[in-house]
Each structure stands twice: as structure tokens, then as C-alpha cells.
Amino acid sequence: GGGGGKRERISALYLRIEAEGGESGLFGPIQETQAFVILKQLKSFLIGRDALATELLLDQMIRLDRHGRTGQFMTGVSSVNCALWDLAGKALDQPVCRLLGGPTRETVPAYASMLGFSIEPDQAAAVASEYQEKGFTAQKWFFRYGPGDGKTGIAKNLAMAASVRDAVGDDYELMFDAFNGWTLPYATEMVCALEPIVPTWMEEPIPPERITELRKLREA
């Protein structure tokens, strides 16, 4: 950071997979827990394999751990899979979208993910306007408060959302994310209260495995 404050070095972990001939695939940043899965469970399996056999490798990696079809193990597999596709694109000198059968469109819409910015209403509004002026046609903001914060938390969530909406105008796309942190009653109250703000979507209000609760939320 500048301004005479404390300087901190930014560091991150990346996965690089090298093939014979020198080509390599890169993916990241990854978490330390993913790196552990890759080093302890996947690395020995991958060494000596055909790096371009992406479908076979994915299938066999998933089968390596019969208890690992979800959770942290799968995020390690996913990291390897992405790096292998990056390697394949470089080795074949083609964008990965072509290897996957594309492109299917000339352009892809993008939005600004606002994780890490202040959610104080005035500051959030200022940043929302700034990123709108930069050319982003949509933004996704993140709610900090959940069921444990009661009515006060709901009010703070809504204050942030309303301030951002006022800043960017009625015709601008806004999305919101709750980190899987809500209960069904809380999510129902929040989503109904958000209706005047007209969000494009509400992401991860409750954990995705709670299918019945998601259905009830949709019905509400």
C-alpha cells in the first residue's frame, strides 16, 4: 500500500503442470488445502500420463478417492483439470474455447465482482458509480449480515443494496451474493425485501445441497 502506510507483499499459490517437450499449463490462485490434495493425492497419479487425455484423466482422478466426489478433493481435481486444458490449448496452439467446441458467440458479457469493497452505503455507492463509469454493465455485491444479526442486519443489507441501486440507476444490472450463509426464513424475508431493488439474481442464499429449501424459496 502507498501513502506511507505499511507495505505488504501480495503472494498466491499457482498450479503449473509441465509436459515433456516443455509445454505447461497454469491455473490459480489456489488455496493451500487444494495444493495439499494435488501434492498428496493427484501428483503421483498424473506423472507419466498423457497430458492431452483430459477426459480420461478427469474421470480417473474423480475415482481415486471414493469419498471425494464433493468438497475439497474435488476442488483439487478441478484445479488440475483447468491447468490441463490450459496446457492443451498451448500445445495445440488453439484457444481452449475451440477445443471445447466453440466459440458459440462473438462476445461474452462480464460483470464486476465487488467482493472486498466497503459495504457502508455511501462508500459502496461511490465505488458502484466508479465501476459503472469504467464501463462495466453489471455488478455483483456481497451481503455481510445473516440470521444471527437479526433485523438490524437485514436493515444494513438493504441499506447497502438500496444505495448501490440509487447510484447506478434503475436500468443497470445488479446481483447479490450471500455466501450460502442464510436460513430459509431469513432468505425468504431478504429476497422479498429486495424486490423493489430488482436484482438480476440472488446468488447462494442457502447451501446448494438443500434442494427442498431452494424450491420453497423459489415458490415464495
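Axes here are lines fitted to C-alpha atoms, for helices over the stretch in contact, and angles run from 0 to 180 degrees between N-to-C directions. Helices (H or I, at least four residues) and strands (E, at least two) are DSSP runs, numbered from the N terminus. What you have open is a predicted model, where local features need pLDDT of at least 70, side-chain atom pairs count only at pLDDT 80 or more, and totals for chains, interfaces and linings use all residues. Residues are numbered from 1 along each chain as its sequence is written, and side-chain values use heavy atoms, with hydrogens and water left out.

**Stop 1: helix 6 and helix 7**

Select residues 150-168 for helix 6 and 184-194 for helix 7. The two pack at an angle of about 35°, and their axes are 11 Å apart.

Now show the side chains in contact, meaning heavy atoms within 4.5 Å. On the helix 6 side, pick Gly150, Lys151, Gly153, Ile154, Asn157, Leu158 and Ala161; on the helix 7 side, pick Tyr186, Glu189, Met190, Ala193 and Leu194. Sorted by class, this contact has seven nonpolar, three polar and two charged residues. Ala, Val, Leu, Ile, Met, Phe, Trp, Tyr, Cys and Pro count as nonpolar, Asp, Glu, Lys and Arg as charged, and the others, Gly among them, as polar.

Stay here and zoom in on Glu189 and Lys151. They form a salt bridge, with the closest N and O atoms 2.6 Å apart. The term means a side-chain nitrogen of Lys or Arg within 4 Å of a carboxyl oxygen of Asp or Glu. This pair links distant parts of the chain, 38 residues apart. Lys151 is exposed at 60% relative accessibility, while Glu189 is partly exposed at 34%. (Buried is under 20% relative accessible area, exposed over 50%, and partly exposed in between, using a 1.4 Å probe and protein chains only.)

**Stop 2: strands 4 and 5**

Next, select Asp177 and Lys140. Their salt bridge has its closest N and O atoms 3.5 Å apart. Asp177 sits in strand 5 (residues 173-177) and Lys140 in strand 4 (residues 138-142), 37 residues apart in the chain. Are they buried or exposed? Asp177 is buried at 4% relative accessibility, and Lys140 is buried too, at 6%.

**Stop 3: Arg16 and Glu18**

Jump to Arg16, which forms a salt bridge with Glu18, the closest N and O atoms being 3.2 Å apart. Both residues are exposed. How many salt bridges does the structure hold? There are eight.

**Stop 4: helix 1 and helix 2**

Select residues 32-46 (helix 1) and 54-63 (helix 2), whose axes come within 11 Å and cross at roughly 140°. That makes helix 1 oblique to helix 2 (under 35 degrees is roughly parallel, over 145 roughly antiparallel, 65 to 115 roughly perpendicular, and the rest oblique). Here the crossing is right-handed. Leu42, Phe45 and Leu46 of helix 1 touch Leu57, Gln60 and Met61 of helix 2. By class, these contact residues are five nonpolar, one polar and no charged.

**Last stop: Asn81**

Finish in helix 3 (residues 72-92), where you'll find Asn81. Asn81 is buried at 16% relative accessibility. Leaving aside neighbours within four places in sequence, Asn81 is in contact with Thr54 and Leu58.

Terms used:
Left-handed = near helix turned anticlockwise from the far one by under 90°.
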